[in-house]
Amino acid sequence: MFENAVIVFLRYKEKSMEFMVGVFVSGKKAKYSRPDYRGRLQIYFKNDMFLRPRRLLLEIKGRLEAYPPEEFIKMLRSSNKVLISENIQENVKNMLFEMFKAYNIRDSKIRVVKFCPFCEIEGKVTVLETKSEIFKVQERYVCFKCAKDELLRELKFRGIRVSDMISERLFTLLRKVRSVDKLLGHLVTGMNIYVNPELTLFDKKEAKPEITERLTVEDLEIPDTLKNVLKENGIHELLPIQVKALKSGLLKGESILVVSATSTGKTLIGELPGVLVALNGKKMLYLCNLVALANQKYETFKARYSKLGLKVAIRVGMSKIDVGEEELVIVDEDVKNANIIVGTYEGLDYLIRSGQYSDLGDIGVVVIDEIQSLSDEERGPELDGLIARIRSLFPKCQIIALSASVGNPEELARNLNLKLVRYSDRPVPLERHLVICLSEKDKLKAIENVIKQEWRTISSHGFRGQTIIFTNSRRRAHQISNWLNKRGLKVATYHAGLTYPRRKMIELGFENGFYQAVVTTYALGAGFDAPASMVVFESLAQGINFITKSMFENMAGRAGRLGKHDRGRVVILVEPGKKYGGVVEETEDSVAIKLLEEELEPVEFSYDIEGCADQVLAYISAKGEVFLDDLKRYYSMLLGASENLDHVLETLLKDGMIMMNDGKVAVTPLGRATAMSFYKLSEVKIARKYLKDGMDVLDVAILLEPFTQIYVSTKVQGELEKAFNVRFSSKLFSDAILDIMDVSTKKEMPKLPKWILELFAKWSLEFFNCKCKEAPFCEHGIINLCKKIVRLRLDEKLKLREIASHLQKEYELYVYPGDLFRWLDSLIHKLRGIARLARVWNLKEAAETAEQYVKHIEKPQ
């Protein structure tokens, strides 16, 4: 029964040799095999030079059975291999070899090897034959499987649970350091991307430009005046993606979808044909997804092309709210005489929806920046409809769509009838590092370290390394920034809640090298187009939800700028096992691996009957009256329309938005007012119900546009977290805060400080004072608080900062002036919409009241 078996001698103790016997073999095929038998060979010494078997003991079915020594000799001779542990004393090993020789056992089947001691404890045999199979745990050498198990046990003992994905990453690092204790040491003390890049570097994307024909500005068939303008702005030679676009018919009217990384030169691809048609009497439209980006392009184009005699205008649809120098108020300009028109999607669509699209004139080129915004749940349908309206109303225009992150570019280009121009390489090399941190404090230390190291790095172009840090919330951004500044670094916090002058000052300070780093949120990351050499992800969440691959690529793409940096670095800091409130299953570490390894999400979307109705109504409103066949052609261009057109028209007809007769569809006054106001059908119904019930116009507007970005102070949040021993959202209208508002009805309520109870009572008295069964979860609390803010603006004529200061002082509530400005601007638009609707419904007093609110909110009397 021992024929072709392997005999493994493990250890010698007190004239007894422990061994295992089995048909297992060493190597990859049976690395962790269990033996068929375990036993002990009792021996005797003839003298100090020789030993011989005295009795064989084999464990069979849990019992030791004795055999004569001759059985052991038979077993030796019939075996395939004899393996001897190197840990057996040297003199005993020598005597074993002598015994084997005496029994004519061939030397070729005898080897001294290293065994995994952990496997042995579990009754398994693992031979450690090569260096790649040997790992160190404390002072013992073990196999890879046992080293992995020991690593996970140690992490679990420290309270750290890791996902399968990050486990594989840790195992990769273990193969590099070959020691569990050494790897744990790196994790505890912090991985340094400069000192231990082999432990943090996930991959490296080299800058290997596709071979394209070299073209200079002088080679282009454009006017010399335009060539001079480009050269004055440092553009002498075209970048690869620009060459590819030209070869694809860019200057011959070809509509294209350009997909390439950040900082590869996409904007100029839109500018060139746009400026050319503007010089020849037609117009260029440049559409942006953000007001900040629209203003940036407007200022750039005006400075660059006004010398060619071109007039640049901007349309972003902002109200004329007077806030002094606290915020940038962009006044929409007349587009009739403009050659280049820059605007946001909504700003330009207002002209179309209101039937004034003829004011835009003869459109030759339309540039759609950040076209991946089609996937945005809120704004995607609006962009989809706007593109369809442009294609229908200006069928001869050239469309140039730009994006850095589209997962299905071929499909999107086909659906939009565009020619795909794709460039997959980066302008500078990019390193991507994954740093495992065991706590938030470790993350802060890691951030401090990389900022300092990057700042010391000076590129061959003479620029210091600067860092952008992305995190999941504004409060966290301030915490990180404050901690870093206390450590002697120059770091600014940048987010949408800041006033425009403050944001502008930070942008200029970063560009001029005053700040070593900026901490920002994903919500405004797209608007911060500053040249950074490094991007750090302190968190992979936006609020309580993890970011998408598209968002990750957009943010990561900001690392490394051509002409400034020799390379870019992306650093992802992950805390194994960390979860966020909106995500049940996924952890930060598993999301990190997905973001690094998975492909971009496709631009796919669809919208419901209300979304379809909104986009159909917008087109009918633009034209006033359309033939049904024309409407069908338009509807077929909507990529996200999910409803049958007949069903959509029935809905609009039922709600009084359109009229249908003799194959034509016409907009009603109600439909025009709805489309111009960007109201959804459900919002119109709400406005009609409450206005006719006599609700105050301001209340209705707030109900449609509530201000939710109101936070409890850090002082209040800290007391609540201390009392309940859990993390609390800082948002006032979060379920967690509202749930403890009515403390008088709560049993077993943790003891709260007297001042907190008095504060809750004050909130209840002034804001949450209704008799609703749902209180404080009903809408009255937010309406009352928003009305308080408006009254501070109207009656006390307070500025944005003064309103914020008042709320902080009186109610321990915190609002950001920037948020307050945007809400007042949105509220004004809602009030204007109510005025339009009220006039259609012959509610003259309500319309006049809404218009008075607009007037006084814009400029308090």
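**A buried ring pair, an open sheet and a pocket**

Trp763 counts as buried, at 1% relative accessibility, where buried means under 20% relative accessible area, exposed over 50% and partly exposed in between, with a 1.4 Å probe and protein chains only. The model is predicted, and local features need pLDDT of at least 70, side-chain atom pairs count only at pLDDT 80 or more, and totals for chains, interfaces and linings use all residues. Residues are numbered from 1 along each chain as its sequence is written, and side-chain values use heavy atoms, with hydrogens and water left out.

Phe760 is buried too, with a relative accessible area of 1%. Phe760 and Trp763 are three residues apart in helix 29 (residues 754-766), so about one helical turn separates them; helices (H or I, at least four residues) and strands (E, at least two) are DSSP runs numbered from the N terminus. A pair of aromatic rings is described by the distance of the centres and the angle of the planes. In total, the structure holds 22 aromatic pairs. For Phe760 and Trp763, the ring centres are 5.4 Å apart and the planes stand at 40 degrees, so the pair is tilted. Rings of Phe, Tyr and Trp (its six-membered ring) pair if their centres lie within 6.5 Å, and planes under 30 degrees apart count as stacked, over 60 as edge-to-face and the rest as tilted. Elsewhere, ring pairs link Phe9, Phe19, Phe72 and Phe100 into a cluster.

Turning to the strands, an open sheet is formed by three of them in the order 27-29-28, with antiparallel pairing; two strands pair if DSSP finds at least two bridges between them. Strand 27 (625-627) and strand 28 (658-661) are the edge strands, each pairing on one side only. Strand 27 is joined to strand 29 (residues 664-667) by three bridges, and Lys664 in strand 29 is the bridge partner of Phe627.

The second largest pocket holds about 610 Å³ of space. A pocket is defined on a 1 Å grid over the protein atoms alone, as an open set of points where a 1.4 Å probe fits, with protein on both sides within 12 Å along at least five of seven lines; lining residues have an atom within 4 Å of a point. The volume is the space filled by probe spheres set on the points, which are joined across faces, edges and corners. Of the 25 lining residues, Lys205, Ala404, Ser424, Glu553 and Leu600 are the closest to the centre of this pocket. Helix 19 gives the largest share of the lining, three residues.
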